[in-house]
Amino acid sequence: MRLRDTTVVFLCGFLGVVALLMPMPVFGGPYEGIREGEVEWTCSMPLASLAPPDVNLDEVREAVADAYVTARTTGQRYIAPQSQHPLCGALARTQVVLGLLALAGAVWRGRTWWRTTADTRAEKRFKRLHESAENPQGGNRIFR
């Protein structure tokens, strides 16, 4: 199966836009002594946070301990504190690079498609020009 150039251009453009605008996935599992479920890790959209602030894991651990103490003293269920994941910065830059590479691929493939179909477009224009010169009575056709 061979993909058409226009399909490749569309797929590269779509994947580039998705990579640039979609928030990164939330991380699961333990991270440096913080167990899974103790913290709700978040990451924002890569274009909005190319250089997010550094996450101090000691502060996150203190927030987790405070949340456990509050849950025990009040008798309510544990509410996990939210924090941005420490890897969001590196992954945001990686995601932006991948998105820009996908968009560059779409531009490159679109340009090659445009250049390879230039002769066909020129032949169509030439044919229309000569049809109108041979038949001046036909008038201008709006839809061709």
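Among contacts in the chain between residues at least 6 apart in sequence, 76% join residues at least 24 apart. Contact here means heavy atoms within 4.5 Å. This is a predicted model, where local features need pLDDT of at least 70, side-chain atom pairs count only at pLDDT 80 or more, and totals for chains, interfaces and linings use all residues. Residues are numbered from 1 along each chain as its sequence is written, and side-chain values use heavy atoms, with hydrogens and water left out.

**Overall layout**

The chain holds 4 helices and 2 strands. Both kinds are DSSP runs numbered from the N terminus: helices are H or I with at least four residues, strands are E with at least two. Along the sequence, the pattern reads α-β-α-β-α-α. Of the 144 residues, 24% count as buried. Buried means under 20% relative accessible area, exposed means over 50%, and partly exposed lies in between (1.4 Å probe, protein chains only). The chain exposes about 10800 Å², and carbon and sulfur atoms supply 60% of that area. Such areas come from the Shrake-Rupley method with a 1.4 Å probe; for residues, only the protein chains shown count as cover.

In soluble globular proteins, nonpolar side chains tend to be buried together. Here the largest nonpolar core has 11 residues, including Tyr31, Trp41, Leu57, Ala71 and Tyr78. Helix H2 (residues 57-74) gives the largest share of this core, 5 residues. A nonpolar core is a set of buried Ala, Val, Leu, Ile, Met, Phe, Trp, Tyr and Cys residues joined through side-chain atoms within 4.5 Å. Leaving aside neighbours within four places in sequence, Ala71 touches Gln76, Arg77 and Tyr78.

Helix H3 (residues 88-116) has 29 residues. From first C-alpha to last, H3 reaches 42 Å, close to the 42 Å expected at 1.5 Å a residue. That expected span is 1.5 Å times one less than the number of residues. Among the buried residues of H3 are Cys88, Gln95, Val96 and Gly110. The buried residues of H3 pack against H1, strand S1 (40-42) and S2.

Ile79 sits in the loop between H2 and strand S2 (82-84). Ile79 counts as exposed because its relative accessibility is 56%. Gln82 lies in strand S2. Gln82 is exposed too, with a relative accessible area of 60%.

| Pair | Sequence separation | C-alpha to C-alpha |
|---|---|---|
| Ile79 and Gly37 | 42 residues | 9.6 Å |
| Gln82 and Glu40 | 42 residues | 4.7 Å |

**Rings**

How many aromatic pairs does a search of the whole structure find? There are 2. Phe10 and Phe14 form a stacked pair, 6.1 Å centre to centre with 15 degrees between the planes. Rings of Phe, Tyr and Trp (its six-membered ring) pair if their centres lie within 6.5 Å; planes under 30 degrees apart count as stacked, over 60 as edge-to-face and the rest as tilted. Both residues lie in helix H1 (residues 5-21), 4 residues apart, about one turn of the helix. Phe10 is exposed, at 56% relative accessible area. Phe14 is partly exposed, at 47%.

Arg121 lies over the face of Trp114, 3.5 Å from the ring centre. A charge sits over a ring if NZ of Lys or CZ of Arg is within 6 Å of the ring centre and within 35 degrees of the ring normal.
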